[in-house]
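I wrote the entries in the order of looking things up.

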Amino acid sequence: MTTAHPADRPDPVVRRFLLVAVGMPIVLVAIGVAVQLVLLPQVPATIATHWNGAGEADGFAPAWTQPLATAAFGLGIPALIALTTLPGLRRGERGVTYRLMGATAAATSALTTVAFTWTFAAQAASLNAANPPSIWLPLAGSLVAAVAVGVAAWYAQPPQDAMDAAVRPAVPLALGTSERAVWVRATAMSTGAAVGILAAVLAVAVAAVVAWTTGAQIGLAWLLTGLALLLLAFAATTLAFHVRVDDSGLHVDSVLGIPRFHVPLADIESAARVDVNPMGEFGGWGLRLSTGRRFGVVLRSGEAIEVLRRSGKRFVVTVDDADTGAALLETLVSRAASRP
């Protein structure tokens with residue numbers, strides 16, 4: 001449940017989220033950059049900045065770029081997480097996902113800051129970059145730091161119970177025993193989520209092209225290409241769906257034909273119109289699992305049809321005019337149950 005707070009008392013959930021997702025990264029990065037600046041005169045002009053799978057250095061850069069990279073990654077990634085999460089929190093949305101996002105922001109900052117600072121400090125005693133230290137110890141240390149900071153950030157935030165879904169039980173439509181009715185709607189992913197997915201596809205595709213054209217390792221090039229194709233397939237099959245209610249039950253089909261979901265009429269216990277909060281209830285958008293044995297085609301926030309199966313599982317699809325769709329399902333289920 002959401003608790004109201006007077007205007008002069010900031011919401012403790014938002015305040016703690018800002019503390020761990022923004023405040024902690026600022027402190028961590030400030031310490032890491034300060035250490036690197038102190039050590040800067042003692043490191044070679046060129047240092048190792050990248051290691052291969054064997055733990056050997058295979059990438060180098062001017063030493064002065066390391067503090068800049070630490071600030072960019074240590075602050076940039078948490079800032080992106082905070083910017084995408086704060087709007088929902090300020091609207092009063094709640095759920096374990098929001099708490100996890102705050103902990104993730106702090107943990108990511110710790111991981112990058114410790115890794116960059118440790119590898120930088122390890123090269124302070126070197127006269128040149130020809131023999132840089134192995135990456136394994138700094139990597140292990142940064143992972144431990146990330147876990148420790150993430151756990152601390154999790155417990156620094158108050159528990160967040162998911163908002164109670166606004167459920168509106170469907171009122172059956174006035175439909176004769178021999179009448180037939182079909183309800184059809186199209187539903188698409190919210191603009192923000194669609195732009196995010198397409199941006200990710202484009203970024204990975206560009207990275208794949210760069211890998212092929214610059215002579216990068218063949219394994220990396222194929223990996224990026226495969227990832228780009230996978231993301232493209234995901235986008236193509238999950239951005240829009242057709243929703244249909246008829247005598248056979250509820251059908252939710254991607255515009256490309258796959259994936260397809262069907263809840264038979266005989267498997268439906270009841271249908272209702274609910275309000276869905278994607279982040280708070282499902283942890284995001286797309287084909288999602290949630291607590292309470294719920295599975296959803298969650299493309300945006302707002303109204304949705306929720307079907308309770310006889311097995312106790314729930315199927316959710318976000319769609320306009322969910323009241324009518326749920327009402328028709330209730331009518332068809334009741335009519336089917338009354339038949340001898």
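For handedness I call a crossing left-handed if the near helix is turned anticlockwise from the far one by less than a right angle, and right-handed if clockwise. The model is predicted, so I took local features only at pLDDT of at least 70 and side-chain atom pairs only at pLDDT 80 or more, while totals for chains, interfaces and linings use all residues. Residues are numbered from 1 along each chain as its sequence is written, and side-chain values use heavy atoms, with hydrogens and water left out.

Entry on α3 and α4. I found that the axes (lines fitted to C-alpha atoms over the stretch in contact, with angles from 0 to 180 degrees between N-to-C directions) of α3 (residues 96-122) and α4 (residues 136-156) come within 7 Å and cross at roughly 150 degrees. That makes α3 roughly antiparallel to α4, the term applying to angles over 145 degrees. I noted the crossing of α3 and α4 as right-handed.

Entry on α1 and α2. Here α1 (residues 12-39) packs against α2 (residues 65-90) at about 175 degrees, with the axes 9 Å apart, and the two are therefore roughly antiparallel to each other. The contact (heavy atoms within 4.5 Å) includes Phe17 and Pro25 of α1 and Pro67 and Arg90 of α2.

Entry on α8. I looked up which residues are buried (under 20% relative accessible area, 1.4 Å probe, protein chains only) in α8, and among them are Ala322, Leu328, Glu330 and Arg335. The cover over the buried residues of α8 includes β4 (183-188) and β11 (302-309).

Key: Helices (H or I, at least four residues) and strands (E, at least two) are DSSP runs, numbered from the N terminus. Angles under 35 degrees count as roughly parallel, over 145 as roughly antiparallel, 65 to 115 as roughly perpendicular and the rest as oblique. Buried means under 20% relative accessible area, exposed over 50%, partly exposed in between (1.4 Å probe, protein chains only).
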